[in-house]
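Here is a short briefing on one protein chain. Look over the sequence and the structure first, then read on.

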Amino acid sequence: MKKKVQVPEDNTIPLNPAHPVAQPRKHRNPMTAPKTEAQKKPNIRKIVISVLMALVILAILVVAAYFIKQLIESKFYFCSKSVTFIPLEKACDGKADCSGAEDEESCVMKFGANTTFPLRLVTSRNVLQVIRTAENTWKSVCSEGFTEQHAETACQQLGYSLNPSFTKVPVGVLPSDLKAAFGMVGSSKPQTFQSTISDRKVCSDGTVIALSCCADCGLSRSQDRIVGGQDALIENWPWQVSLQNSGQHTCGGSLVAPNWVVTAAHCFNGEGRKALARWKIVYGITYLSSSSPSSVVQIVVNKDYNAARNDYDIAMIKLQSPISVAESSRPVCLPPQNLGLKGGDNLVVTGWGHLSEKGSLSSNLQKAQIPLIDASVCSSPSVYGSSITPRMICAGVLTGGVDACQGDSGGPLVYFSDRWMLVGVVSWGVGCAREGRPGVYTNVDQMLDWIHSVMQQYR
């Protein structure tokens, strides 16, 4: 659920046999009349009815088995090594209850990125840059010598496996801070992308590389929860997923790759939320349900997450099997760093959260268009003051009436610029849609190093 801070709280046709042909017999048979067609038909009906009843019974057994399995999984953890069940509450409690401590291995884990991720994409043009650690400077990458192999290596390092694409950007149109230093790629097959870079003062053809690692991200059928929002269709927001704990919708999330979901760290607070067996992901749906859930193999919470301050409120979930990219299920784009959003820019938040502060979950996906609130306004004493950190952004209407709410937590806040980009993760706020208390979201721009590090570490 969204952590609301109450003063800091979605199927044979039988063939009739031919009439028997009389044959000479050595023995006299009983003088019985052959069966007429009318007498045979009831037998056919009986067969058909029996088959249909068998199919119905089989279907009932399959459905019953499914729900029994769901019930068992919601109450017990299966120890595969010892072939025993333990109460789910005993999984991830710090004590080994399964043989080989199996129950303590499949748990939510913490991960921190100790260094700056060596690659990044910057500005709305997605300019590729590499950091020179010794100088602590970022270098834009000259286009000469840059190949598809280099693009694949860079994107794989960033955690993507989809086919990348790249274009050339004239140096002259770049901001001054992207013109200061350049690197050029070598011709050898790279192991890590940064190992191919050599320093250059200028790019010989005057262009640098702009890279896209996810060709299908951020597309929706319409290029045009939630208090004060409207009904939405998943085809328009195909990255939206439902995080379900023991079959119940608990939080939202965003597909950022076919096998990765970004959500909020606070969704995993409290007892009974640490075992991976409790969690499933449901995607590609407009109406909230738990049908066809996907299993997860990893839940990674930012190790710097501070529950008291709601800081570093971000987590990632790796799916057991990648999704099939389709109209109702595809990733949203991660933004480049330094996208340059400003107060008043239009954003969209989606989810199945409460329709009012003390209301109930929405069964239909909801959307709301809200403006970004300037950081200076959000951190002013009259709003949230020092509770706002650089890892947070605010969006909403200061007069109230439109906001994310409980159940929207972890869901996407997106911005459109050619494609939809994930710029925020529903995090916290005081109440829902209150005057002077806008929604607070995890600032994805500040979390990109961590996101890419997780995707690389657990790929």
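Leaving aside its neighbours within four places in sequence, which residues is Phe-193 in contact with? They are Leu-119, Leu-128, Val-130, Val-141, Phe-146, His-150, Thr-153, Ala-154, Gln-157 and Val-185. The model is predicted.

**Confidence**
- The mean pLDDT of the protein chain is 84. A value of 70 or more is reached by 86% of its residues.
- Residues 4–28 have pLDDT below 50. Beyond near neighbours in sequence, this stretch has 40 contacts in the model.

**Nonpolar cores**
- The largest nonpolar core holds 89 residues. Phe-193 and Phe-268 touch the most other members.
- Helix α4, residues 444–457, gives the most to this core. Its contribution is 7 residues.
- Another core, of 12 residues, lies apart from the largest one. Its members include Val-171, Phe-182, Met-184 and Ala-210.

**Cys-155**
- Cys-155 sits in helix α2, which spans residues 148–157.
- Its relative accessibility is 1%. Cys-155 therefore counts as buried, the cut-off being under 20% relative accessible area.
- Leaving aside neighbours within four places in sequence, Cys-155 is in contact with Tyr-160, Pro-164, Leu-211, Ser-212 and Cys-213.
- Leu-119 is 36 residues from Cys-155 along the chain. The C-alpha atoms of these two residues are separated by 9.4 Å. Leu-119 is also one of the contacts of Phe-193.

**Nonpolar surface patch**
- Which residues make the nonpolar surface patch of about 610 Å²? Ile-47, Val-48, Val-51, Leu-52, Leu-55, Leu-58 and Val-62 do.
- Leu-58, one of these patch residues, lies in helix α1. That helix covers residues 37–75.

- Ser-246 has phi near 50°, a positive value in a residue other than glycine. Ser-246 lies in the loop between β13 (240–245) and β14 (248–257).
- Is Ser-246 buried or partly exposed? Its relative accessible area is 26%, so Ser-246 is partly exposed.
- Tyr-312 also has a positive phi, near 55°, and is a residue other than glycine. The loop that holds Tyr-312 runs between β17 (294–302) and β18 (315–319).
- Tyr-312 has a relative accessible area of 22%.

Note on methods. Residues are numbered from 1 along each chain as its sequence is written. This is a predicted model: local features need pLDDT of at least 70, side-chain atom pairs count only at pLDDT 80 or more; totals for chains, interfaces and linings use all residues. Side-chain values use heavy atoms; hydrogens and water are left out. Patches are made of residues with over 30% relative accessible area and no salt bridge: like charges are joined within 9 Å, nonpolar side chains (Val, Leu, Ile, Met, Phe, Trp, Tyr) within 5 Å. Accessible areas come from the Shrake-Rupley method with a 1.4 Å probe; for residues, only the protein chains shown count as cover. A salt bridge is a side-chain nitrogen of Lys or Arg within 4 Å of a carboxyl oxygen of Asp or Glu. Helices (H or I, at least four residues) and strands (E, at least two) are DSSP runs, numbered from the N terminus. pLDDT is the predictor's confidence in each residue, from 0 to 100. Contact means heavy atoms within 4.5 Å. A nonpolar core is a set of buried Ala, Val, Leu, Ile, Met, Phe, Trp, Tyr and Cys residues joined through side-chain atoms within 4.5 Å. Buried means under 20% relative accessible area, exposed over 50%, partly exposed in between (1.4 Å probe, protein chains only).
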